[in-house]
Amino acid sequence: DYNCDVMREDVSKSAQPDIPKRETKVSVILTLGHSASHRHKVGSDGFTHDWSFHVTSMQGHKIQCFIDRIVLRLHETFPDPVRVLKKPPYEIKRERVRDF
């Protein structure tokens, strides 16, 4: 497990060293990514697409220190349309009959 207290201290010191610790603000830039690709050949399962969704940090920070969970609300036609990601990697990969 990663020590988030150390992470917060390291980020605070490097981000804004002139602000007292009790007033330190930290900015973390998140990257939300999505991809969908059409399969060249339909599999025996009938799936035609592969898709993925992910959340990462552009600066390479361990974002679990700043994020409690990621909630994805997919279209209601998807099985289990509400997905909750509680720990890294914050990513979903699925095979589907249509794109995401």
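Keep in mind that the model is predicted.

Let's start with the sheet. Three strands make it up, in the order β1-β2-β5, and the sheet is open, with antiparallel pairing. At its edges stand β1 (30–38) and β5 (90–96); each has a single partner strand, so one side of each is left without a neighbour in the sheet. As for how the strands lie against each other, neighbours in this sheet are turned by 10 degrees on average, direction ignored. If you want to look at one pairing in detail, take β2 (residues 49–57) and β5: they run antiparallel and are joined by seven bridges. To find your place along this pair, look for Ser 52, which stands opposite Lys 93 in β5.

Now follow β5 to Tyr 90, which sits in that strand. Is this residue buried or exposed? Tyr 90 has a relative accessibility of 3%, and because buried means under 20%, Tyr 90 counts as buried. Its surroundings are worth a look too. Setting aside neighbours within four places in sequence, Tyr 90 is in contact with Phe 53, His 54, Val 55, Ile 63, Gln 64, Ile 67, Ile 70 and Leu 85. Take Ile 70 from that list: Tyr 90 and Ile 70 are 20 residues apart in sequence, yet their C-alpha atoms are 7.3 Å apart in space.

Tyr 90 also leads us into the core. In soluble globular proteins, nonpolar side chains tend to be buried together. Here the largest nonpolar core has twelve residues in all: Trp 51, Phe 53, Val 55, Ile 63, Ile 67, Ile 70, Leu 72, Leu 74, Phe 78, Leu 85, Tyr 90 and Ile 92. Two or more of these residues come from each of β2, β3 and β5, and β2 gives the most, with three residues. Not counting residues up to four places away in sequence, Val 55 touches Leu 30, Thr 31, Leu 32, Ile 63, Ile 70 and Tyr 90.

Next come the charged pairs. How many salt bridges does the structure hold? There are two. In one, the side chains of Arg 39 and Asp 50 meet at 3.0 Å, N to O. This pair links distant parts of the chain, eleven residues apart, with Arg 39 in the loop between β1 and β2 and Asp 50 in strand β2. Arg 39 counts as buried at 16% relative accessibility, whereas Asp 50 is partly exposed at 31%. Another salt bridge brings together the side chains of Asp 68 and Arg 69, at 2.4 Å, N to O. Of these two, Asp 68 is exposed, with a relative accessible area of 56%, and Arg 69 is partly exposed, at 46%.

Finally, have a look at two threonines in loops. Thr 48 lies in the loop between β1 and β2 and counts as buried, with 15% relative accessibility. The side chain of Thr 48 makes a polar contact of 2.8 Å with the side chain of His 49. Thr 77 is in the loop between β3 (70–73) and β4 (82–85). At 47% relative accessibility, Thr 77 counts as partly exposed, and the side chain of Thr 77 joins that of His 75 in a polar contact of 2.9 Å.

Technical notes
Residues are numbered from 1 along each chain as its sequence is written. This is a predicted model: local features need pLDDT of at least 70, side-chain atom pairs count only at pLDDT 80 or more; totals for chains, interfaces and linings use all residues. Side-chain values use heavy atoms; hydrogens and water are left out. Two strands pair if DSSP finds at least two bridges between them. Helices (H or I, at least four residues) and strands (E, at least two) are DSSP runs, numbered from the N terminus. Axes are lines fitted to C-alpha atoms, for helices over the stretch in contact, and angles run from 0 to 180 degrees between N-to-C directions. Buried means under 20% relative accessible area, exposed over 50%, partly exposed in between (1.4 Å probe, protein chains only). Contact means heavy atoms within 4.5 Å. A polar contact is a pair of N or O atoms within 3.5 Å; within protein, one must be able to donate a hydrogen and the other to accept it, and residues adjacent in sequence count only if both atoms are side-chain atoms. A nonpolar core is a set of buried Ala, Val, Leu, Ile, Met, Phe, Trp, Tyr and Cys residues joined through side-chain atoms within 4.5 Å. A salt bridge is a side-chain nitrogen of Lys or Arg within 4 Å of a carboxyl oxygen of Asp or Glu.
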